[in-house]
Amino acid sequence: MARVNIPSFTLNDGTKIPALGYGTWLGMDAKEDAGPSKPFSFEFSAEGMPQMMEALSYAIDIGYRHIDTAHLYRVEPEVGKIIDKKIKDGVVKREDLFVTTKVWHHFHREADVEVSVRGSLRRLNLDYVDLVLMHWPMSISQDGVDEKIDYLETWRGFESVLSKGLAKSIGVSNFNVEQMKRLLANCKVPPSTNQVEINLNLGQKELVDYCQANNVVVVAYSPFGTMVPSRSAPNSPEPKLNNPTMIAIGKKYGKSVTQVTLRYLYQRGIVSIPKTVTPSRVVENASIFDFELDKGDMETIAKFDNGFRTVRPFFWQDYQNYPFEKIPDKMEIPESLRIWKNGLNLDID
Ligand code: NDP
């Protein structure tokens with residue numbers, strides 16, 4: 001069986017985080033004809049669940065130790081089942097794994113953070129998570145009401161779950177530079193990580209520099225951006241998988257374009273959490289620690305940065321603390337991102 005050897009970065013609380021993790025977000029599908037007043041709706045993708053469980057199981061077998069999940073993803077019970085099996089089968093011990101989950105923006109009151117984390121622990125069947133993140137800085141109720149809860153209040157709830165041992169580390173996600181500055185200036189425990197979109201089109205140089213200068217490890221979600229066919233959109237920029245410059249760099253090191261991409265992020269000191277349900281890609285994505293891009297190639301790849309966002313949830317853009325620049329488009333929040341009852345796993349509360 002293939003084996004991968006994934007190095008770690010050290011967080012500001014001394015915890016080690018593996019530099020590459022397994023992402024578990026199965027995404028959403030646009031469904032047409034959702035009803036007379038709804039031309040289409042977004043529903044959680046359930047189809048990939050069995051393959052994801054197999055791919056995650058395989059990932060742990062070959063040496064992945066870092067798993068990225070979230071309450072939102074509605075896969076915590078399945079992720080927990082795989083972890084349980086791998087521990088029972090003697091493949092890993094609990095302390096070998098680094099499990100991240102996230103608190104959704106329905107749970108931003110200080111006391112609700114613990115409710116959310118305890119729910120995640122119950123679904124994951126774990127006593128603690130290694131890292132829990134505030135998924136977004138906004139606070140929005142299931143009815144779509146802007147609750148305008150200051151993320152500094154929410155952060156106090158994170159400090160509390162840390163002190164109770166429910167999580168070994170605490171961090172944030174989707175925080176912009178100003179929000180990071182304000183949080184760092186007003187917290188007792190600084191966030192250990194900021195998980196944000198980073199890929200070749202969205203380098204986030206200012207945010208990464210600020211976080212790294214302040215001892216906050218940056219974790220890249222959607223590390224392939226729109227490079228991969230499943231994420232490609234009509235207006236999405238280069239590089240794609242067949243980009244000649246990227247192919248040439250890959251050839252030089254005997255690596256694929258996706259491997260060059262993940263290696264580039266690693267050399268910037270960034271953790272990546274690519275998602276794949278394809279076993280060969282599970283191996284491919286983690287086989288990036290045996291070569292080094294030279295300075296010239298790092299500079300060439302950096303030139304693809306043009307600020308293009310793959311994840312742009314503009315339906316939240318009028319809510320307080322939305323972290324990204326606003327665009328003219330308008331759309332209602334998809335119901336499946338607001339109302340969770342009777343979700344994919346039925347037990348999601
Ligand atoms: P990714 O950049 O990981 O892209 C996933 C897509 O890339 C899938 O279609 C996958 O296909 C394909 N793919 C994976 N590896 C390869 C490869 N080697 N060659 C070709 N195609 C490949 O995007 P995600 O948005 O899923 O982000 C990764 C993770 O980040 C998520 O799973 C989640 O854990 C986290 N995340 C966090 C967010 C946040 O707000 N904090 C937001 C979004 C994601 P296939 O599966 O068919 O192999």
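Me: The loop between strand E9 (167–173) and helix H5 (177–185) holds Asn-174. What makes a run of residues a helix or a strand?
Reply: Both are DSSP runs, numbered from the N terminus: helices (H or I) have at least four residues, strands (E) at least two. Each chain's residues are numbered from 1 as its sequence is written. The model is predicted, so local features need pLDDT of at least 70 and side-chain atom pairs count only at pLDDT 80 or more, while totals for chains, interfaces and linings use all residues.

Me: Why is Asn-174 called buried?
Reply: Count the other C-beta atoms (placed from the backbone) within 10 Å: 20 or more means buried, 12 or fewer means exposed, and in between means partly exposed. Asn-174 has 24, so it is buried. Its phi is near 65°, a positive value in a residue other than glycine.

Me: Asn-125 sits in the loop between helix H3 (110–124) and strand E8 (129–134). Why does Asn-125 count as partly exposed?
Reply: Asn-125 has 13 C-beta neighbours inside 10 Å, so it counts as partly exposed. Its phi is also positive, near 60°.

Me: At what angle do helix H1 (residues 49–62) and helix H2 (residues 76–88) pack?
Reply: The angle is about 35°, and the axes are 10 Å apart. Axes are lines fitted to C-alpha atoms over the stretch in contact; angles run from 0 to 180 degrees between N-to-C directions. Among the residues making the contact are Met-53 and Leu-56 of H1 and Val-79 and Ile-82 of H2.

Me: What makes two residues count as being in contact?
Reply: Their C-beta atoms, placed from the backbone, must lie within 7 Å. Val-271 meets this with Phe-9, Ile-17 and Val-217, among others, leaving aside neighbours within four places in sequence.

Me: What makes a nonpolar core?
Reply: It is a set of buried Ala, Val, Leu, Ile, Met, Phe, Trp, Tyr and Cys residues joined through C-beta atoms within 7 Å. The largest has 81 residues; Leu-56, Val-132, Val-218 and Val-271 touch the most other members. Helix H8 (residues 257–267) gives the largest share, 6 residues. In soluble globular proteins, nonpolar side chains tend to be buried together.

Me: How many residues surround the ligand?
Reply: There are 25, and Gly-23, Trp-25, Tyr-221, Ser-230 and Lys-275 are the closest. A residue is near if its C-beta atom, placed from the backbone, lies within 6 Å.
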